[in-house]
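Me: I'd like to go through this fold with you, one feature at a time. Can we start with how to read its contacts?

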Amino acid sequence: MKSPQGWKRPFDDPIPLPRGRQLVTLEDAANYVRKLPKAERISKERQAAVEALLLVVDLNGPTMMARIGPAESIEPKRPAGV
């Protein structure tokens, strides 16, 4: 059986969301960002996350690279040194 390609590719580890939901595939992450309020979508962090998603899909790169942006932009920021 052929593994999923493109937007259907799963992350190695799903990205947990508030209220127990998860982003399982690259497509889930793209849809999550697409549904955010415009002010959040256009932030530099979100734009970097979207660029990472596009690169992974277009170049068939490691999903870990696309996971970093959305995961960091979803998880609360920790103070430096903690």
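Predicted model: local features only at pLDDT ≥ 70, side-chain atom pairs only at ≥ 80, totals over all residues.

Me: Among contacts between residues at least 6 apart in sequence, what percentage join residues at least 24 apart in the protein chain?

Reply: That comes to 44%.

Me: Which pattern does the protein chain follow along the sequence?

Reply: Reading along, you get β-β-α-α-α-α. That is four helices and two strands.

Me: Where is confidence lowest, and where is it highest?

Reply: Helix 4, residues 63-74, has the lowest confidence with a mean pLDDT of 70, while strand 2 has the highest at 93. Averaged over the protein chain, pLDDT is 81, and 82% of the residues score at least 70.

Me: Let's take the strands. How many bridges join strand 1 to strand 2?

Reply: Three, and the two strands run antiparallel. P16 sits opposite Q22 of strand 2. The hairpin they form leaves five residues between the strands, and there R19 adopts a positive phi near 65 degrees.

Me: On to helices. Why might residues three or four places apart point the same way?

Reply: The general idea is that an α-helix has 3.6 residues a turn, so residues at that spacing point the same way. Now look at helix 3. Its buried residues are R46, A49, A52, L53, V56 and V57. Down the helix axis they fall within an arc of 125 degrees, so they line one face of helix 3. Exposed residues on the other side are K44, E51, L55, D58 and L59.

Me: What span should the 16 residues of helix 3 have?

Reply: At 1.5 Å a residue, 22 Å is what you'd expect, and that agrees with its end C-alpha atoms, which are 22 Å apart. Just after helix 3 comes N60, with a positive phi of about 55 degrees.

Me: And which residues of helix 1 are buried?

Reply: L26, A29, A30, Y32 and V33. These cover an arc of only 160 degrees around the axis, which puts them on the same side of helix 1.

Me: Last topic, the core. Which residues of the largest nonpolar core touch the most other members?

Reply: As a general idea, nonpolar side chains tend to be buried together in soluble globular proteins. Here the largest nonpolar core has 14 residues, and those touching the most other members are F11, L23, L26, A29, Y32, L53 and A66. Strand 1, helix 1 and helix 3 each supply at least two residues of this core. Helix 1 gives the largest share, five residues.

Me: What does A66 touch, not counting residues up to four places away in sequence?

Reply: F11, L26, A52, L53 and V56.

Note on methods. Residues numbered from 1 in each chain as written. Heavy atoms only, no water. Core = buried A, V, L, I, M, F, W, Y, C linked by side-chain atoms within 4.5 Å. Buried < 20%, exposed > 50% of the residue type's maximum accessible area, 1.4 Å probe, protein only. Contact = heavy atoms within 4.5 Å. Pairing = 2+ DSSP bridges. pLDDT = per-residue confidence, 0-100. Expected span 1.5 Å × (residues − 1). Arc of directions from axis to C-beta.
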